[in-house]
Amino acid sequence: FEHGGNAVDAACAMLAATSTMWDVLSWGGETQALVYNPKTGKIIAINGLGVAPTGATAEYYRSKGYKYPPEEGVLAAVTPGTPGALITMLAEYGTLPLADVLAPAIELADGYAIEAETADRIEAEKPSLKQWPYSKAVMLPHLGSAREAPVAGEVFRQPDLAATLRKLVEAERAALDAGKSRKEALQAAYDRFYRGDIGVEFVRGVQEQGGLITKDDLANWRVKLEEPRHTNYRGID
């Protein structure tokens, strides 16, 4: 708002910041939002739900000895929805560039004083985190100590995430420098995540750990703009 943005710009900046602060869903999660358009008087639903990879069939899980898909880990993962939903919201209904909207999140990814609730949750979940080398390297900076998670007030750094967010901003900047429109520049950032070098590295890491998400799964995923379910009750919509 202080930079002249609208409510969607502010919501996207908030979403990016809280995802960076190891929110429940994080940057790899899913995003749903309801956007009221005062010009049309209508509400639009942003559906940024991830989907299961094409290889996640009942037959596949049975072949691995599962009765149901596991509750966590790479075989439970869906395509990441938050980056695409955030960029789509910004392109369709925001006014500011991605560089402005992601600036607070990048600052936080470079390092922020972690709060007790998140730090203690990481410590409590460290047996699970230790299964995954990339998670362990970031979330457990004191590996081998009695407390392996950060402590409250410690500066918590996520350099790979910061680099990823900067790549999105770089893609937008390169497109703008090439004479593209604001919307086209945001699409360039979207494409870099889902169809470019970020996506390639994402898929490599997932498959290295035994996951099923492919380049095509990422490239074929779409954010949906939908009419939300609604009803009228005693004169109120």
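Which residues does D110 touch, not counting residues up to four places away in sequence? In this predicted model, the answer is R157, A162 and R166. D110 itself belongs to helix α4, which covers residues 98–110. With one of these partners there is also a polar contact: the side chains of D110 and R166 meet in this way at 2.7 Å. The relative accessible area of D110 is 36%, so the residue is classed as partly exposed, because that class lies between the limits of 20% and 50%.

Is N37 buried or exposed? Its relative accessibility is 18%, and N37 therefore counts as buried, since the limit for that class is under 20%. The side chain of N37 reaches the backbone nitrogen of K39 at a distance of 2.9 Å. When residues up to four places away in sequence are left aside, N37 touches K42 and I44.

The largest pocket holds about 2100 Å³ of space. Its lining consists of 49 residues, and those nearest its centre are S26, W27, G28, S135 and F202. Several helices take part in this lining: α1 (7–20), α6 (126–129), α7 (133–139), α8 (159–177) and α10 (197–208) each contribute at least two residues. The largest share comes from α8, with eight residues. R166, the polar partner of D110, falls within the range of residues given for α8, 159–177. Sorted by class, the lining of the largest pocket comprises 26 nonpolar, twelve polar and eleven charged residues.

The second largest pocket has a volume of about 340 Å³. It is lined by 18 residues, of which N6, V8, V35, Y36 and Y93 are the closest to its centre. Here α1, β1 and α3 (82–93) each supply at least two lining residues. Helix α1 is named for both pockets, as it supplies at least two residues to the lining of the largest pocket and at least two to that of the second largest pocket.

Technical notes:
Residues are numbered from 1 along each chain as its sequence is written. This is a predicted model: local features need pLDDT of at least 70, side-chain atom pairs count only at pLDDT 80 or more; totals for chains, interfaces and linings use all residues. Side-chain values use heavy atoms; hydrogens and water are left out. Buried means under 20% relative accessible area, exposed over 50%, partly exposed in between (1.4 Å probe, protein chains only). A polar contact is a pair of N or O atoms within 3.5 Å; within protein, one must be able to donate a hydrogen and the other to accept it, and residues adjacent in sequence count only if both atoms are side-chain atoms. Contact means heavy atoms within 4.5 Å. Helices (H or I, at least four residues) and strands (E, at least two) are DSSP runs, numbered from the N terminus. On a 1 Å grid over the protein atoms alone, a cavity is a set of points where a 1.4 Å probe fits but cannot get out, and a pocket is an open set with protein on both sides within 12 Å along at least five of seven lines; lining residues have an atom within 4 Å of a point. Grid points are joined across faces, edges and corners, and a volume is the space filled by probe spheres set on the points. Ala, Val, Leu, Ile, Met, Phe, Trp, Tyr, Cys and Pro count as nonpolar, Asp, Glu, Lys and Arg as charged, and the others, Gly among them, as polar.
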